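Look at the sequence and the model first, then read on.

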Amino acid sequence: MADITELIHDYLRHNKKFPHVFCAGCGHGIVLGALIRSIHALGLSKDEVCIVAGIGCSGRIAAYVDFNTVHTTHGRALTFATGIKMANPKLKVITIMGDGDAMSIGGNHLIHAARRNIGVTALVLNNNIYGMTGGQCSATTPQGATTQTTPFGQMEKAFDIVTLAAAAGANGVYRGSTFHVNMLDRLVATAIERPGFNLVEIITPCHTQYGRKNKYKSAVDMFKWIKKNCVPKEKFDALPEADRGEKMPIGTFVEKDHKGLEQLYGELQARLNRPGRPVAEPEQPSAQHAEESRNIMNKEPK
Amino acid sequence: MKTAQELNRFEIRLSGTGGQGIITLGRILGGGLALGMGYHVTQTQSYGPEARGGASRSDLVVSSRRISYPKTESIDLLVALSQEACYAYYRFIKPGGVLLVDSGLVRQTPSNVFLGLPFTDLTVRKLKVPQAMNVVVLGALTWLLPFAEARVMKQALRDSLPPKLHELNLKAFQLGYSEARKAFDPHEAWTPKPDDDDGDERIVL
Amino acid sequence: MAQKKSKQRKAVFALGNEAVVEGALLAGCSFYAGYPITPSSEIMEVMAARLPRSEDGVFIQMEDEIASMGAIIGASLAGRKAMTATSGPGFSLMQENLGFACMTEVPLVVVNVMRGGPSTGLPTSPAQGDVQQARWGTHGDHPVIVLSASDVRECLEMTITAFNFAEKYRTPVILLLDEITAHTREKIELPEPGELEIVGRSYPTVPPEWYKPYEDTMRGVSPMPPIGSGYRHHVTGLTHDVLGFPTQRPDEVKAIMERLFRKIDQFYPDIMLVEEYMTEDADIGVVAYGSVARSAELAIDMAREQGYKAGLIKLKTLFPFPKPFVNRLAARCSRIVVPEMNMGQMSREVKRVAARTTSIRTVNRIDGQIITPTQICKAITQG
């Protein structure tokens with residue numbers, strides 16, 4: 001245990017005044033630990049890792065770790081990460097987003113990052129609530145839950161992050177929990193190591209803003225809830241439909257081996273710039289069709 | 001053989017409907033005059049958001065000196081390839097200016113002083129490729145404009161097209177050029193005729 | 001004339017939008033992210049064909065303009081000279097991340113080809129309605145550099161200037177074109193790479209452990225290492241201290257905010273670019289920018305033919321507003337005419353500077369058409 005503490009200490013920034021912003025009982029620190037252990041296990045140097053975070057409690061993780069860190073605008077972490085990865089494919093770019101970031105305001109960026117299979121790892125810290133802003137409902141707040149903006153219960157359905165990412169074409173899709181930490185370490189490391197877009201949804205508790213209003217008396221109750229309801233995917237699949245209830249499968253959902261966008265782009269560029277290749281202009285539209293294509297372009301894109 | 005002339009804001013408007021290749025025509029004509037003949041040229045364009053069927057026009061200002069205002073104010077040569085365009089822009093022609101129409105598409109001209117060739121019909125009949133009409137017009141304009149050389153315009157055409165389209169488009173150019181040579185006398189076209197507009201007014205901005 | 005020199009240069013008959021690309025590539029731009037929108041799309045299309053053909057150029061089409069801004073900020077942080085281009089509706093979406101770039105001092109260039117607005121407006125018609133938005137579009141008090149161009153040659157030159165300013169001052173630079181400038185074709189000569197002054201980013205010279213990412217310097221601009229170069233630091237849109245960490249301490253907040261302004265303010269003479277035409281003896285002034293400045297130039301000629309001593313200041317820098325030049329013009333002129341394709345966005349600045357010295361007359365047009373030389377000439381001659 002002591003050596004793990006020491007290891008984490010190695011990767012924290014010491015020129016920043018602690019304590020951190022996380023409440024007692026928050027799961028985000030566990031994710032921070034899993035992130036550091038995974039990076040350490042993969043033998044990555046601090047300089048080649050770039051953490052790109054969104055806005056919210058999860059976004060603050062970036063400030064504490066001693067990597068290249070960017071704390072972006074709300075929901076836009078993946079767009080910055082895409083720029084960084086395309087600009088320097090050698091970097092290991094990892095985004096940290098909350099459920100508000102990834103599923104609401106940045107939902108469009110998430111599905112497009114998955115579709116274009118950019119070589120970025122996305123950690124989505126799902127605590128079912130907007131924690132930092134004071135406990136308003138998010139796109140993953142379960143139906144019926146009470147929040148500051150659903151005082152009479154949430155009527156809308158929650159997003160299933162894993163299904164969404166898989167449908168959008170992500171190369172790897174995983175779900176872990178802050179209770180099943182060894183598994184989480186493994187999932188995060190795998191997601192960082194593999195090519196293309198890999199997403200890990202991490203079930204993490206927010207007792208302060210979600211638990212207290214939804215019958216979880218203490219932070220421990222929330223962890224008990226996670227322990228009970230997060231079951232390995234194989235086990236979950238074997239359960240009869242009727243017994244599934246609130247239960248969530250954790251583990252590996254998708255693992256494909258498509259090349260990342262930055263890799264495909266690099267190959268294209270190498271092909272185009274191969275020495276001795278005739279320098280041909282890109283195919284010009286004909287005199288007759290130039291205007292047509294121009295006019296098609298002039299059709300408003302939006 | 002044509003020689004370079006001193007020009008002070010010679011204004012050309014090419015007009016018609018989207019899909020006729022008006023803007024491409026303007027680009028090639030302007031490119032030839034600017035890069036080949038060495039004039040100062042501005043080519044601007046105006047069109048609707050539609051892909052086809054909307055109004056489309058391209059304006060060129062050709063000058064020996066630097067051009068400040070890039071759009072046209074009083075037109076020396078209006079090319080109208082649709083009835084609507086002819087109606088809409090006729091009034092901007094300056095006294096002594098020339099109107100050239102597709103006589104197959106423009107049935108009514110506001111004045112009986114105009115030059116016409118059935119560009120679209122010619123293209124369809126002789127080349128079987130209706131899209132080449134804009135280059136047929138380019139050929140005709142090259143004959144008509146006292147400061148455009150056929151050699152230069154052909155080069156401009158080649159420069160802006162992929163090689164596989166050269167043959168067809170040079171044929172189209174030649175068609176327009178020779179038809180225009182049969183039909184028009186440039187010297188006469190650009191000589192102001194004092195009583196040519198039999199009383200109908202041309203409004204000049 | 002510089003005929004001899006021009007023989008080696010390549011001449012092209014290019015659109016304003018195409019000239020922007022030429023300028024960007026000459027300036028060292030190696031990253032473009034964007035979303036297509038009329039009338040700026042040619043910039044993106046030409047970039048898509050050109051960048052992958054260079055050794056390290058990156059082109060990517062993003063899902064929207066918010067993402068485009070995010071991507072170019074990311075690329076700039078990773079050490080690239082990056083740009084995007086858009087038009088009104090897209091520019092509105094970019095405001096959020098533009099503020100991030102102001103706050104974190106990320107060099108980048110945004111080209112906004114103005115079309116008729118508000119909303120979807122007139123996609124294929126010119127306007128100059130985004131002038132104040134370019135200055136104040138993103139929330140919070142911030143300095144920003146806004147440039148404009150009026151002809152095709154200037155599109156090339158001002159794009160290079162935009163990149164140079166962005167790098168020199170570590171700030172986003174907005175280049176405002178209008179549909180006419182963007183869609184005018186003219187002959188331009190492409191300068192040889194060696195002929196131009198290209199400004200690069202300043203990198204830290206201290207070892208990484210001494211590096212303070214937002215430390216004050218003489219110029220007010222801190223060196224900026226690319227991500228991955230060993231200078232690990234934190235970048236945040238939160239108000240931060242010299243180390244880049246969030247702070248709410250009034251002294252730290254004040255220091256960084258004042259530096260953000262000072263780094264631009266103290267270089268006004270370098271940044272404020274104008275061109276004067278016949279102002280030496282003018283007693284009637286015209287202040288114009290973008291394509292309207294070309295109308296104004298012809299209007300000056302027309303007015304002079306009628307015996308009016310008119311002169312023009314063409315603004316190439318819109319913000320910071322070139323106050324000293326307008327002041328000087330106002331001092332000698334009985335009247336200043338400000339023509340623009342909006343209801344008076346720049347004339348507001350002119351009035352702020354010169355209303356007490358001289359009388360100001362605006363010529364406004366918002367019907368999607370350019371202001372003609374005749375219109376401006378009338379305003380000059382009929383007062």
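## Two crossing helices in chain C

The crossing of α12(C) and α13(C) is right-handed. A crossing gets that name if the near helix is turned clockwise from the far one by less than a right angle, and left-handed if anticlockwise. Helices (H or I, at least four residues) and strands (E, at least two) are DSSP runs, numbered from the N terminus. The model is predicted: local features need pLDDT of at least 70, side-chain atom pairs count only at pLDDT 80 or more, and totals for chains, interfaces and linings use all residues. Residues are numbered from 1 along each chain as its sequence is written, while chains are lettered from A and ligands numbered from 1 in the order in which they are written.

Helix α12 of chain C covers residues 323-332, and helix α13 of chain C covers residues 346-354. Their axes come within 9 Å and cross at roughly 65°. That makes α12(C) roughly perpendicular to α13(C). Roughly perpendicular means 65 to 115 degrees; under 35 is roughly parallel, over 145 roughly antiparallel, and the rest oblique. Axes are lines fitted to C-alpha atoms, for helices over the stretch in contact, and angles run from 0 to 180 degrees between N-to-C directions.

Which residues meet here? From α12(C) come C:K323, C:V326, C:N327 and C:A330. From α13(C) come C:V350, C:V353 and C:A354. Two residues are in contact if their C-beta atoms, placed from the backbone, lie within 7 Å. By class, this contact has 5 nonpolar, 1 polar and 1 charged residues. Ala, Val, Leu, Ile, Met, Phe, Trp, Tyr, Cys and Pro count as nonpolar; Asp, Glu, Lys and Arg count as charged; the others, Gly among them, are polar.

## A sheet in chain C

In chain C, 5 strands form an open sheet with mixed pairing, in the order β11-β13-β12-β15-β16. Two strands pair if DSSP finds at least two bridges between them. Which strands stand at the edges? They are β11 (274-277) and β16 (359-364) of chain C. Each has a single partner strand, so one side of each is left without a neighbour in the sheet. Neighbouring strands are turned by 20° against each other on average, direction ignored.

Inside this order, β12 (residues 284-288) and β15 (residues 335-340) of chain C pair in the parallel sense over 3 bridges. C:I284 has C:R335 in β15(C) as its bridge partner. Helix α13(C) packs on the sheet and touches β12, β15 and β16 of chain C. Its direction makes about 160° with that of β15(C).

## Where chain A meets chain C

Here 41 residues of chain A are in contact with 46 residues of chain C. Several elements of chain A each supply at least two residues to its side, including α3 (61-64), β2 (68-71) and α6 (107-116). The largest share, 8 residues, comes from α4(A). By class, the chain A side has 16 nonpolar, 16 polar and 9 charged residues.

β2(A) and strand β10 (residues 234-236) of chain C pair in the parallel sense over 3 bridges. A:V70 stands opposite C:V235 in β10(C).

## Where chain C meets chain B

Now 18 residues of chain C are in contact with 19 residues of chain B. Which helix gives the most to the chain C side? That is α11(C), with 4 residues. The chain C side divides into 7 nonpolar, 6 polar and 5 charged residues.

Strand β2 (residues 40-47) of chain B and β9(C) run antiparallel, joined by 2 bridges. The bridge partner of B:Q43 in β9(C) is C:R185.

## Inside chain B

Chain B has 7 helices and 6 strands. Of its 205 residues, 49% count as buried. Buried means that 20 or more other C-beta atoms, placed from the backbone, lie within 10 Å of the residue's own; exposed means 12 or fewer, and partly exposed is in between.

B:G48 lies in the loop between β2 and β3 (55-63) of chain B. With 17 C-beta neighbours inside 10 Å, B:G48 counts as partly exposed. Leaving aside neighbours within four places in sequence, B:G48 is in contact with B:G54, B:A55 and C:T124.
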